[in-house]
Amino acid sequence: MTITYLKTAKPAAERAEDDAKVRSTVEATLREIETGGDAAIASLSQKFDGVSRPSFRLTPSEIEAAMSRVSTRDMEDIRFAQTQIRRFAEAQRASMTDIEVETMPGVVLGHRNIPVQSVGCYVPGGKFPMVASAHMSVLTATVAGVPRIVASAPPVKGEPHPAIVAAMHLGGAHEIYVLGGIQAVGAMAIGTETIEPVHMLVGPGNAFVAEAKRQLYGRVGIDLFAGPTETMVIADDTVDAELVATDLLGQAEHGYNSPACLITNSRALAEATLAEIDRLLAILPTAETASVSWRDYGEVILCDSHDEMLAVANDMAYEHVQVMTDRDDWYLAQMHSYGALFLGPRTNVANGDKVIGTNHTLPTKKAGRYTGGLWVGKFLKTHSYQRVTSDEAAATIGAYGSRLCMLEGFVGHAEQCNIRVRRYGGRNVGYGMAAE
């Protein structure tokens, strides 16, 4: 088995210095928000977005005015996308049921799926206003039954982006803010004089937003640790270079550091794809961004076999994995580490990002090895409960518990069990002794 890299990305070590600068900036900014509250938020918004407002929360009339600027066609498209996302999220929610089981006579155990009580949904603006991210976070939280959904997005040219506001409102947001970056996630997580803090933060963002979420994790919950968008194409000679190159560059345009990778067992496809990427970069309107991503983070990996391609793909654990081979279902069965799979040449990542119905907030930087992406279940907490309904069960379980607690040296624990053995079992257990 041999693996040949026809194109490699720049070493990860070269990115460490940039990461350290981001960490330091975020730490200082979050400290400023915590001590300065609303005044700090106003100052940061003026500094980074050039916007100053008496209140960053949009009023009902401002929401209505923003939505009135969305064209009829765009509004219809937003509603269509939300219908697809809602249908899939509702099906996922229906798969999660509360349970109760009697494990032995008189011992009842169960769990309930309870929504997180407040969520802050960040929707990126910046170079590309991510309208679809409002569907993915706000709408999914609504389906989960979250009672307070706060949504925030940066201004675009000094104003709330009309389509983002429409998507947030139609998705079910209870509070909408025109705030971006660290100040948005910081305000939602830490709180200010006028913004009540939330219990959980979700949504993608740039390196500063991702780092802010990382530093705030523990204080609040987060959906996942996210980095730049990643896309991988696993392809054999059943597809052509134009299709592969288009799908790689379609995601490389996200930012200057968006990894894109081709894994193939066809040298002819690999070489043709490299040439096709050069051709497309000469005509792609977003080539200024995509070309830098491809230059610095693009990879083409040539393998001997599908087994080898599978092993490399699972090890890399990319966010988006597009499979176009003569055995797509085999990859579906064998892949275990990824964000989302896109199977077959008719499928593509862009549809998954915008409209098809699955969630586009997905794990990056190999996090797919231990977590999936954002879905309705992320907004639900599964809590267990126990009930003992008979004297006999209380005494029986208590005796086992007593002995196991004493085995570990927890005498006080044992007494919690012993007092039930005495009261409900009528058995004489010496204080601090193990029940017989």
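Student: Leaving aside neighbours within four places in sequence, which residues is Gln-183 in contact with?
Tutor: Good place to start, and keep in mind that this is a predicted model. Apart from those neighbours, Gln-183 contacts Ile-33, Ile-41, Leu-44, Ser-45, Phe-48 and Asp-49. Gln-183 itself is in helix α6, which covers residues 181–190.

Student: And is Gln-183 buried or exposed?
Tutor: Gln-183 counts as buried, because its relative accessibility is 2% and the cut-off for buried is under 20%.

Student: What does UniProt list for "binding site"?
Tutor: An unreviewed UniProt entry lists Tyr-122, Gln-183 and Asn-206 under that name. They are spread over 85 residues of sequence, yet they cluster in space, with a largest C-alpha distance of 12.8 Å.

Student: New topic! How much space lies in the second largest pocket?
Tutor: About 320 Å³. Its lining has 24 residues, and the closest to the pocket centre are Phe-88, Gln-92, Ala-340, Thr-358 and Asn-359.

Student: Which element gives the largest share of that lining?
Tutor: That's α3, with 4 residues. At least two residues each come from α3 (72–95), α4 (131–144), β13 (340–343) and α13 (349–354).

Student: What about the domains, how many lining residues does each supply?
Tutor: Domain 1 (29–223) and domain 2 (228–373) each give at least three.

Student: How do the lining residues divide into nonpolar, polar and charged?
Tutor: There are 12 nonpolar and 12 polar residues in the lining of the second largest pocket, and no charged ones.

Technical notes
Residues numbered from 1 in each chain as written. Predicted model: local features only at pLDDT ≥ 70, side-chain atom pairs only at ≥ 80, totals over all residues. Heavy atoms only, no water. 1 Å grid on protein atoms, 1.4 Å probe; cavity = no way out; pocket = protein on both sides within 12 Å on 5 of 7 lines; lining within 4 Å. Points joined across faces, edges and corners; volume = space filled by probe spheres on them. Nonpolar A, V, L, I, M, F, W, Y, C, P; charged D, E, K, R; others polar. Domains from an automatic or database assignment. UniProt positions renumbered as here; feature names shortened; annotations may be inferred. Buried < 20%, exposed > 50% of the residue type's maximum accessible area, 1.4 Å probe, protein only. Contact = heavy atoms within 4.5 Å.
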